[in-house]
Amino acid sequence: MNIPIYIGTSEKLNNIRCIKAARDIKEGELIESCPIILLAFSELDYHDKTVLSHYSYNWNDTHDAFVLGYCVLTNHSYEPNTKFVRNFKTKKMEYFAI
């Protein structure tokens with residue numbers, strides 16, 4: 001898969017690490033499909049004490065998901081240009097341009 005992004009730094013957010021578009025990305029285009037590692041809620045006491053807790057998402061009623069891939073570095077925004085979709089069948093987090 002040709003991923004249309006690269007790792008860069010955000011000029012707006014004190015040069016923190018983020019992903020940037022390497023080319024124009026069309027609305028609705030899949031940016032990246034990321035594998036996940038499921039974390040049972042019973043394990044989150046340990047996980048929540050680490051920096052990795054900033055890179056996980058709620059997956060379902062019993063697990064969080066630690067996402068692997070570049071898109072985990074997407075930043076929060078009141079005007080986002082990316083959305084994530086949980087693909088329960090493939091156990092992947094998919095990121096699309098909006």
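The legends below describe several close-up views of one predicted model. Residues are numbered from 1 along each chain as its sequence is written, and side-chain values use heavy atoms, with hydrogens and water left out. Because the model is predicted, local features need pLDDT of at least 70 and side-chain atom pairs count only at pLDDT 80 or more, whereas totals for chains, interfaces and linings use all residues.

**View 1**
Five strands form an open sheet in the order β4-β5-β3-β7-β6, and their pairing is antiparallel; strands here are DSSP runs of E with at least two residues, numbered from the N terminus, and two of them pair if DSSP finds at least two bridges between them. The edges are taken by β4 (56–58) and β6 (82–87), and because each has a single partner strand, one side of each is left without a neighbour in the sheet. From one strand to the next the twist averages 35 degrees, with axes fitted as lines to C-alpha atoms and angles running from 0 to 180 degrees between N-to-C directions.

**View 1. Strands β3 and β5 side by side.**
Strand β3 (residues 30–40) and strand β5 (residues 63–67) run antiparallel and are joined by 5 bridges. L38 has A65 of β5 as its bridge partner. In general, strands of a sheet pair through backbone hydrogen bonds, either parallel or antiparallel.

Over residues 17–98 the chain is 5% helix and 44% strand, with the end C-alpha atoms 21 Å apart, where a helix is a DSSP run of H or I with at least four residues.

**View 2. E94, a buried acidic residue in β7.**
E94 belongs to strand β7 (residues 92–97). The residue is buried yet has no salt bridge, and K92, the nearest side chain of opposite charge, is 7.1 Å away. Buried means under 20% relative accessible area, exposed over 50% and partly exposed in between, with a 1.4 Å probe and protein chains only, while a salt bridge requires a side-chain nitrogen of Lys or Arg within 4 Å of a carboxyl oxygen of Asp or Glu. For charge, Lys and Arg count as positive and Asp and Glu as negative, with His and the chain ends not counted. The side chain of E94 does make a polar contact of 3.1 Å with that of N87.

**View 3. The salt bridges.**
A search of the whole structure gives 2 salt bridges. In one, the side chains of E11 and K20 meet at 2.9 Å, N to O, and E11 counts as exposed because its relative accessibility is 60%. In the other, E29 meets R23 at 2.7 Å, N to O, and R23 is partly exposed, with a relative accessible area of 38%.

In the loop between β1 and β2, S10 counts as buried at 9% relative accessibility, and its side chain reaches the backbone nitrogen of L13 at 3.1 Å. N15 is found in the loop between β1 (5–9) and β2 (17–21) and is exposed, with a relative accessible area of 51%. Although most residues other than glycine have a negative phi, the phi of N15 is positive, near 60 degrees. K91, in the loop between β6 and β7, has a positive phi of about 55 degrees although it is not a glycine, and counts as partly exposed at 47% relative accessibility.

Methods. A polar contact is a pair of N or O atoms within 3.5 Å; within protein, one must be able to donate a hydrogen and the other to accept it, and residues adjacent in sequence count only if both atoms are side-chain atoms.
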